[in-house]
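Good morning, everyone. Please bring up the sequence and the structure. I will walk through them piece by piece.

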Amino acid sequence: MSRQSWVVGFVLLMTAICVAEDQNPLANDPKAAKAGEYEFRINCALCHGLGARGGGRGPDLTRAQKKHTHSDADMFQVISNGIPGTAMPANGTNGQGVGMTDTEIWQIITYIRSQEVKSSGKATGDPARGKQLFFGDGNCSLCHMVDGKGGRLGPDLTGVGGSRTREAIVDSIRNPSRRLAWGLTEGSKEFPQEYETVTAVTADGKQIKGVTLNEDSFTVQIMDAGEHIHLLEKDQLKSFQKSRESMMPKYDPDVLSDKEVDDIVAFLISLGAK
Amino acid sequence: MTAMTEWNGRHDTKPRSGGRMQPTAQAVGISTQKGQARQGRKKNPVQDPSGAALRSTKIIRAFRPCVLACILLTAAHAQLTSDRLLNSAKEPQNWMTYSGDYSGKRFSALDQINAQNAHSLSAKWVYQTAATGKLETTPLVVDGILYATAQDNRAFALDARSGRPIWIYQRQIPGDIRPCCGRVNRGVAILGDKVFFGTLDAHVIALDAKTGAVRWDVTAADYRTGHSFTVAPLAVKNLIIIGISGGEYGVRGFIDAYDADSGERKWRFYTVPGPGEPGHDSWEGDSWKVGGAPAWNTGTYDPATNQIFWPTGNPAPSNRGEGRVGDNLYSNSLLALNADTGKLNWYFQFTKHDEHDWDATQIPILIDANGKKLIAQADRNGYFYVIDRTTGKLISATAYGKTTWSDSKDTDGRPIANKNAEPTLAGHTVCPGALGTTNFMPPTYDPQSGLFYVTARDQCDIFSTAPQPYEPGHAFYGSAYFPSEEAEPYFGFLKAIDPATGEIKQKFQHTSPTWSGVLSTAGGLVFSGDAEGNFIAFDATSLKPLWHFQMGGAVYAAPMAYAVDGKEYVAIAAGSAIYAFGLP
C-alpha cells in the first residue's frame, strides 16, 4: 500500500469511527426501541423509573431538554462513562444489571427518544418571578444555594430542575418530610446528605440540632441552622436522636400559592436545562 | 452455650508435619474452654510424610492476656495435602479454604485476640490491589503466605506478616466479557503446590503457589454467552470444584470438578436437568436450555458421607415465570453431590419457580447437634432453613427478616409463595426485595456461642415483569425492580440466630445495609464490616461493638483469621485493599 492510499484509508477509517460515535445507527427503529425498553428496565429503571419517567434518584428522561445530554452522541457518552460527581454510574458498574454492548446502548437511546414528550417539562410558571421569590419572599435561599448564591443548610438546587420531575419538586416544597429518604440504598453513599434532622446532646449538656452531612455507626457530621459543622463521636454524646421530620418548613398554599410554587419550579427547571 | 453446640473447645495439639521448604516455626494460639489455660507444648522435630526432616526453631511468644494455649507448630509446609484440608482444625493458624474449613463455619479457633483485648486492635498492614470496583475476596493463608484475588482476574500472594507481595498474576480479559454484577472474584482454592481460581472469561486456572506461573488453564464455557466465574473454588481430595455464574444471561448452570494435577474435567453436574433426566419435566418446553440455576458461591463438604453441598441460583429469566412453568429444578436449591462422581444424592429447593431473583447461593453450614447431622442456610428469600444433611429432609424454616411472599407452609414445613407475590407489569411490593434478606455475604456459625450470625437487611422492592426474548449473551431478566415507595429507609443488621429454634437472639443495626460477611472466633468475638467502611469487632453474645477501624471503603467481602509466628491477625478486604489487624 502506497503512503497516499494509506492516508486515504486512514481518513476513511476515522470518518467511519466519527460517524459511528456521532450518530445513532438505530435512530427511530421501532424494533431497536423495543429492545432498548428491555435493556432500560434492567439497567436504568432502578433510578430513572418505569417508562423513563423519573424515579426517586434519577431524572425524568422523557423530558426533551436534558441537563447533561443533547445529542444521541452525548447520551452515548453519558451512559458509557457515567457523570462524575453524580449518582449516574458508568455502564456496567452500578452493581444492578449488567454491562451493555454499544448496540444495546444505542437501543436504549432509541427507546428514550421514543418516550420523549416534546412539550413536557415546560413549567407553566414565570421563571423570573420564581427567581425573585426564591431569593426573596419565599425565603428559599436562606437554606438553598443556586449558582453559588444562597444558604448551605439544605441541598444545592442548581441542578434539581434537571434531575427531578416537576411533580417531585412541587411535592418537596409542599411536603418536605415525605420523601426525605430518597436514595437510601448502597448508591446513597454517593448522596452523603440525607437531610435527616438530628438532635445531639454533648457530654457537657450542649444541645446541637441540625442536619446530617454524613453518619456511620460511630460518628456523625452535622450542620446546624447557623451553618456550623459539628463533628461528633456518638459514644461521647449524652443523647443522639434522629428524626425524619425535615428542618425545612412545610410550604402550605397559604404561605406559597400554587402560582408561586409554579413560578419557583419554572425558575429551577430553567436552571436545570442550562 | 445452647443445645446446638458441637464443639467443646478441645483440639488435637499434635504438631503438624512439614515439607521441604525452609521451615519457620510457629507458635499458635489454640482455643480452649474459656478460662482454662494450657501449657505450651515443646517442639519436636517431626518427619513429614515424605520423610524429609524438619529443622524447627521454637518460638513461643508470650501471649496477652494468655487465656490460651500455645503449641508449637512446625510450619512452612511445601504441600497443602488434601489430608491437611480434612484436618484443618489441627492447624488453626492457617485458613485453607474459602469458609475456613469444609463445614463452612467461618469460625477461627484462634483466641489470642479476644473480647478482653479487642479494644487494642490496630492495623498491621494494608495491601492496595490497584483494582477498581468492589473486592469480594476472602484471603486464604497457608504457612505464612496469604493468597487472594481482586477485580479483573487478579490473583496474588503476600507475606502474611507484612503484606508485601510475593507474586502478582493478572490474566488479560477479553473486551467483551459480560459479568453481571461487577468484575469480581471471591477467592482461590489451594491444593498441593498450586493455587486455583476461576476467571471472568470462564477459565479455570492453576497457578504455581510459589511463583504465580500458570501451571494449567482450561476453558469451562464460552464467556460470550454470559458464562463467567466469580466463585472461590473448593479443593476436595484431588478435585477442584467450581460453579458457573451467568444466571442473568440464561446460561444452563453447572458445577464442575477438575483434576488438580492435570486440569482434566472429571465430572460436570448440570443444575438444569436435560431431556430424560429426573427433574427435566419441571421446565416448560425448551426453557431448560436457558434455565439459569448458576452455582456462584462456594459449597461445603462432609468427608463422613463424601458429599459436597452446593447451592444454586435463580432460574432465568429471573423475574418472569411465564414460559418456564414448573418448579424449575434445580434452581434455588441446595444440592448434595457425591464428591467423586458429581452424582446427585438429594436436593432441597428453597424457592420454587422463583420470580424474585432469590438465588439460594448462600453458604450452607454443617452443624452437628444432639447427634444429628444438620446443614443450615440463611436463604436470600428471608427464611432460615435447617435440613438433615443425610437425607435432605427439612427440619425447620423460620423467617429471620421482613418477608411478605409466604404465609403458609407445605406438609414438609417449607414456606410456599402467595399467588399475589408474583411480579406484575405495573409492579407491586414484595419483601424481601431483589437483593434478598441476605445475599452472597458468608455467615458464620460459632460453636462456642451456638449461634449462627448472618448479615441481613429489611428491604422491600417493587417487582415488575415484562416479556423479553432470549438472545445469547444478552441480559435476560424479563423484569425490573425498584425500591419500594415507602418513605422510611430500610435497614441492615447483623443477626444472631439460634439454629435450634430459629429465634433471633441478638441483633445489631447498621447505619445502612452492608454486604460484609461475618467471622466468629474462639476469642468470643464476631467480626464484620459495614457500607460506611468500618471493620467492627463485636462481642459474640451481646453484639456490642468492642472496636472499630475506618478503612475508607465499603466492605463487600468476608473476614478471616490466621496466625504467623504465634501472632494472630484478622484480615478483610475493603475498598480496593486488603487489611490485616492484630494486637499491639
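At what angle do the axes of helix H4 and helix H5 of chain A cross? Keep that in mind while I say one thing. This is a predicted model.

Now the answer. H4 of chain A covers residues 72-81, and H5 of chain A covers residues 102-115. Their axes come within 10 Å and cross at roughly 125°. H4(A) and H5(A) are therefore oblique to each other. The cut-off matters here: an angle over 145 degrees would count as roughly antiparallel, and 65 to 115 as roughly perpendicular. The crossing of H4(A) and H5(A) is right-handed.

Which residues meet there? From H4(A) come Asp72(A), Met75(A), Phe76(A), Ile79(A) and Ser80(A). From H5(A) come Ile105(A), Ile108(A) and Ile109(A). Sort that contact between H4(A) and H5(A) by class, and you get 6 nonpolar, 1 polar and 1 charged residues.

Stay with H5(A). Helix H2 of chain A, residues 30-43, packs against H5(A) too. The angle is about 100°, and the axes lie 7 Å apart. That makes H2(A) roughly perpendicular to H5(A). On the H2(A) side, the contact residues are Ala32(A), Ala33(A), Ala35(A), Gly36(A), Glu37(A), Glu39(A) and Phe40(A). On the H5(A) side, they are Glu104(A), Trp106(A), Gln107(A), Ile108(A), Thr110(A), Tyr111(A) and Ser114(A). By class, the contact of H2(A) with H5(A) has 7 nonpolar, 4 polar and 3 charged residues. Look for Ile108(A): Ile108(A) is in the contact with H4(A), and Ile108(A) is in the contact with H2(A) as well.

Now zoom out on chain A. How is chain A divided into domains? The assignment gives domain 1 as 3-115, domain 2 as 127-174 + 252-272, and domain 3 as 197-243. The centres of domain 2 and domain 3 of chain A, taken over C-alpha atoms, are separated by 28 Å.

Next, a sheet in chain A. This one is open, with 5 strands in the order S6-S5-S4-S3-S7, and the pairing is antiparallel. Which strands of chain A stand at the edges? They are S6, residues 229-233, and S7, residues 237-243. Each has a single partner strand, so one side of each is left without a neighbour in the sheet. From one strand to the next, the twist averages 40°.

Look inside that sheet. S4 of chain A, residues 207-215, pairs with S5 of chain A, residues 219-224. The sense is antiparallel, over 5 bridges. Find Gly210(A): opposite it, in S5(A), stands Asp224(A).

On to chain B. Start with strand S10, residues 194-198, and strand S11, residues 203-208. S10(B) and S11(B) pair in the antiparallel sense over 5 bridges. Val195(B) faces Leu207(B) in S11(B), standing opposite it. S10(B) and S11(B) form a hairpin with 4 residues between them. In the turn, Ala202(B) has a positive phi of about 65°.

S11(B) also joins strand S12 of chain B, residues 214-219, through 5 bridges, and the two run antiparallel. Here Val204(B) stands opposite Val218(B), and Leu207(B) stands opposite Val214(B). This hairpin of S11(B) and S12(B) has 5 residues between the strands. Gly212(B) there takes a positive phi near 80°.

Further along chain B, 4 strands form an open antiparallel sheet in the order S21-S22-S23-S24. The edge strands are S21, residues 365-369, and S24, residues 394-399, each pairing on one side only. The twist in this sheet averages 25° from one strand to the next. Within it, 5 bridges join S22(B), residues 372-378, to S23(B), residues 383-388. Leu374(B) stands opposite Asp388(B) in S23(B).

Last, some backbone details. Most residues other than glycine have a negative phi, and most peptide bonds are trans. Another joins Leu329(B) and Tyr330(B), with omega about -5°. Pro317(B) lies in the loop between strand S18 (307-311) and strand S19 (333-338) of chain B. Tyr330(B) is in the loop between S18 and S19 of chain B.

And phi? Lys237(B) is not glycine, yet its phi is positive, near 55°. You will find Lys237(B) in the loop between strand S13 (234-236) and strand S14 (239-243) of chain B.

Methods. Residues numbered from 1 in each chain as written. Chains lettered and ligands numbered in written order. Predicted model: local features only at pLDDT ≥ 70, side-chain atom pairs only at ≥ 80, totals over all residues. Axes fitted to C-alpha atoms, helices over the stretch in contact; angles between N-to-C directions. Parallel < 35°, antiparallel > 145°, perpendicular 65-115°, else oblique. Left-handed = near helix turned anticlockwise from the far one by under 90°. Contact = placed C-beta atoms within 7 Å. Nonpolar A, V, L, I, M, F, W, Y, C, P; charged D, E, K, R; others polar. Domains from an automatic or database assignment. Pairing = 2+ DSSP bridges.
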